[in-house]
Amino acid sequence: MSRRTRWPLLVAPLLLVVPGCAHTSPPPPPEVRAGRPDRGAALIAQYGCGSCHTIPGIDRADGLVGPPLTRFGARSYIAGELVNNADNLQHWITDPQSVEPGTAMPNLGVKPIDAQDIAAYLYTLD
């Protein structure tokens, strides 16, 4: 078989893989219906989240240890482990070590009601 006739046989499998990476319309941003974003912003400052993360709209939240939380509502995954939705985010905030043991994200003792409001704020960042 000549190089010219083998070319389609080599390229065809790649064409089947590429559409899997194609951009599709993102789902609507997650939300926390019962959460209070204004309280969440205050709690983010209170718990010191900005010492590790850069978080838009939060004073002195310019940390470089963890990932920046800009456009958080538009993200697909939380910590590369969980689908980005309200329940998963609240779980991650309250007990990150149970999601990803050994993660640099500490367990700060965030109460569930506080996690709800923090999540509500983060979902405004889309």
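Tutor: Helices (H or I, at least four residues) and strands (E, at least two) are DSSP runs, numbered from the N terminus. Contact means heavy atoms within 4.5 Å, and buried means under 20% relative accessible area, exposed over 50%, partly exposed in between (1.4 Å probe, protein chains only).

Student: What kind of model is this, and how are residues numbered?

Tutor: This is a predicted model, in which local features need pLDDT of at least 70 and side-chain atom pairs count only at pLDDT 80 or more, while totals for chains, interfaces and linings use all residues. Residues are numbered from 1 along each chain as its sequence is written, and side-chain values use heavy atoms, with hydrogens and water left out.

Student: How many helices and strands does the chain have?

Tutor: The chain has 5 helices and 2 strands, in the order α-α-β-β-α-α-α along the sequence. Of its 126 residues, 34% count as buried.

Student: Back to H5. How many of its residues are buried?

Tutor: H5 is mostly covered, with 9 of its 11 residues buried. Among them are Asp114, Gln116, Asp117 and Leu122.

Student: Where is glutamine 116, and what does its side chain reach?

Tutor: Glutamine 116 is located in helix H5, which spans residues 112-122. Its side chain reaches the backbone oxygen of alanine 34 at 3.1 Å. This is a polar contact, that is, a pair of N or O atoms within 3.5 Å; within protein, one must be able to donate a hydrogen and the other to accept it, and residues adjacent in sequence count only if both atoms are side-chain atoms.

Student: Why does glutamine 116 count as buried?

Tutor: Glutamine 116 counts as buried because its relative accessibility is 18%. Not counting residues up to four places away in sequence, glutamine 116 touches Val32, Ala34, Gly35 and Gln90.

Student: Where does valine 32 lie?

Tutor: Valine 32 lies in the loop between helix H1 (3-17) and H2. Its relative accessibility is 12%, so valine 32 counts as buried. With neighbours within four places in sequence left aside, valine 32 is in contact with Ala86, Gln90, Gln116, Ala119, Ala120 and Tyr123. Valine 32 and glutamine 90 are 58 residues apart in sequence, and their C-alpha atoms are 9.6 Å apart in space.

Student: Now the core. Which residues touch the most other members?

Tutor: In the largest nonpolar core, which has 28 residues, Ile55, Leu89 and Leu122 touch the most other members. A nonpolar core is a set of buried Ala, Val, Leu, Ile, Met, Phe, Trp, Tyr and Cys residues joined through side-chain atoms within 4.5 Å. The elements giving two or more residues to this core are helix H2 (37-47), helix H3 (86-94) and H5. H5 gives the most, with 6 residues.

Student: What is leucine 122 in contact with?

Tutor: Beyond its neighbours within four places in sequence, leucine 122 is in contact with Ile44, Ile55, Leu69, Phe72, Gly73, Leu89 and Ile93.

Student: How many aromatic pairs are there?

Tutor: The count is 1 aromatic pair. Phenylalanine 72 and tyrosine 123 form this pair, which is tilted, at 5.9 Å centre to centre and 45 degrees between the planes. Rings of Phe, Tyr and Trp (its six-membered ring) pair if their centres lie within 6.5 Å; planes under 30 degrees apart count as stacked, over 60 as edge-to-face and the rest as tilted.

Student: Where do the two partners sit, and are they buried or exposed?

Tutor: Phenylalanine 72 is in the loop between H2 and strand S1 (77-78), and tyrosine 123 is in the segment after H5, 51 residues apart. Phenylalanine 72 and tyrosine 123 are both buried.

Student: Changing topic: how many disulfides does a search find?

Tutor: A search of the whole structure finds 0 disulfides, a disulfide being a pair of cysteine sulfur atoms within 2.5 Å. The sulfur of cysteine 49 is 8.5 Å from the closest cysteine sulfur, in cysteine 52, which is too far for a bond.

Student: Are those cysteines buried or partly exposed?

Tutor: Cysteine 49 counts as buried, at 17% relative accessibility, whereas cysteine 52 is partly exposed, with a relative accessible area of 24%.
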